[in-house]
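Subject: Structure handover and notes

Dear colleague,

Please find below the structure that I promised to pass on.

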Amino acid sequence: MIKCYSLSAKEMSSGYAKLPDDVGFPLDRNIIEKISVTGEMPYEFTLKRVSFSKGDCLLTDDVEKEKYIWTDCQMGDFLLFSQKLKDIISNHLTGNERFKWVSCKVHYREEVRIYYTPVFTEKIDVWNMEYTVFSEWTDSENFDVLKPVFSQRRIESLGLFCGRYSCYSFWKMPGIVYIKEDTKKEIVKAKLLGVELSQAPVDE
């Protein structure tokens, strides 16, 4: 039986990769479209200190007090992967995934590091339609998924996929992606920092 896992940035004591304030967030869908077409990130990120209070995310410049400044799955306005995490995922790709890596510059003081974000270019049907829960806004073109249940047959040939297709273009740069067990095991073995992994439902 195929097992798959959601992959996201862990909420922990770490820096938050923030886009310039004048860009705004959530990002305009036209910006995401531009990134998906050009394959280039038109903005650079700056690490901020992140803290949570009563459900709110607070950002300040006082990053040096953070326990972990750089992580392998960096919290930020996008899902950002270190070179190590990108390489592990890339080792398990099949060529059927329909996405591309876009590099991003992240600044902290005088240091600049390169991270990577996956940008999906095509929607792939990955669900068991009988058990997956969709929102009332779902139609033949926009699959707004509330609770995914993945189809073994449909994810068998994928090493990385997006499991929640929202309306407009936001699905192209999701905050959560999905991987299979062999990739998950390698990530755990490498003891990468800041990676949140959670088993996702797959049909039998």
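I begin with Y178, which counts as buried because its relative accessibility is 4%, where buried means under 20% relative accessible area, exposed over 50% and partly exposed in between, for a 1.4 Å probe and protein chains only. Please keep in mind that this is a predicted model, in which local features need pLDDT of at least 70 and side-chain atom pairs count only at pLDDT 80 or more, while totals for chains, interfaces and linings use all residues. Residues are numbered from 1 along each chain as its sequence is written, and side-chain values use heavy atoms, with hydrogens and water left out.

On the aromatic side, the structure holds 8 pairs, counted for rings of Phe, Tyr and Trp (its six-membered ring) whose centres lie within 6.5 Å, with planes under 30 degrees apart called stacked, over 60 edge-to-face and the rest tilted. The rings of F45 and F78 are an edge-to-face pair, because their planes stand at 70° with the centres 6.2 Å apart. Since F45 belongs to strand β3 (residues 45-53) and F78 to the loop between β5 and β6, this pair ties together parts that are 33 residues apart in sequence; strands (E, at least two residues) and helices (H or I, at least four) are DSSP runs numbered from the N terminus. Both F45 and F78 are buried. Y178 itself is stacked with F161, at 5.7 Å centre to centre and 15° between the planes, and this pair links distant parts of the chain, with F161 in strand β11 and Y178 in strand β12, 17 residues apart. F161 also counts as buried, at 2% relative accessibility. Elsewhere, ring pairs link F81, F99, W101 and F120 into a cluster. The charged end of K86 sits over the ring of Y116, 5.0 Å from its centre, the criterion being NZ of Lys or CZ of Arg within 6 Å of the ring centre and within 35 degrees of the ring normal.

As for the sheets, 4 strands form an open, antiparallel sheet in the order β11-β12-β1-β13, where two strands pair if DSSP finds at least two bridges between them. Its edge strands, each pairing on one side only, are β11 (160-161) and β13 (195-200). Within that sheet, β1 (residues 4-9) is joined to β12 (residues 177-180) by 4 bridges, and Y5 stands opposite I179. Helix α4 (residues 181-190) lies across β1, β12 and β13, running at about 95° to β12; contact here means heavy atoms within 4.5 Å, and the angle, on a scale from 0 to 180 degrees between N-to-C directions, uses axes fitted to C-alpha atoms, for helices over the stretch in contact.

Strand β5 (residues 73-76) runs parallel to β2 (residues 15-18), to which 2 bridges join it, with G76 as the bridge partner of A17. β5 also pairs with β6 (residues 80-81) in the antiparallel sense over 2 bridges, and a hairpin of 3 residues joins the two.

Which residue in β6 is the bridge partner of C73? That partner is F81, and C73 is buried, with a relative accessible area of 1%. C162 is buried too, with a relative accessible area of 1%. The disulfide count comes to 0, a disulfide being a pair of cysteine sulfur atoms within 2.5 Å.
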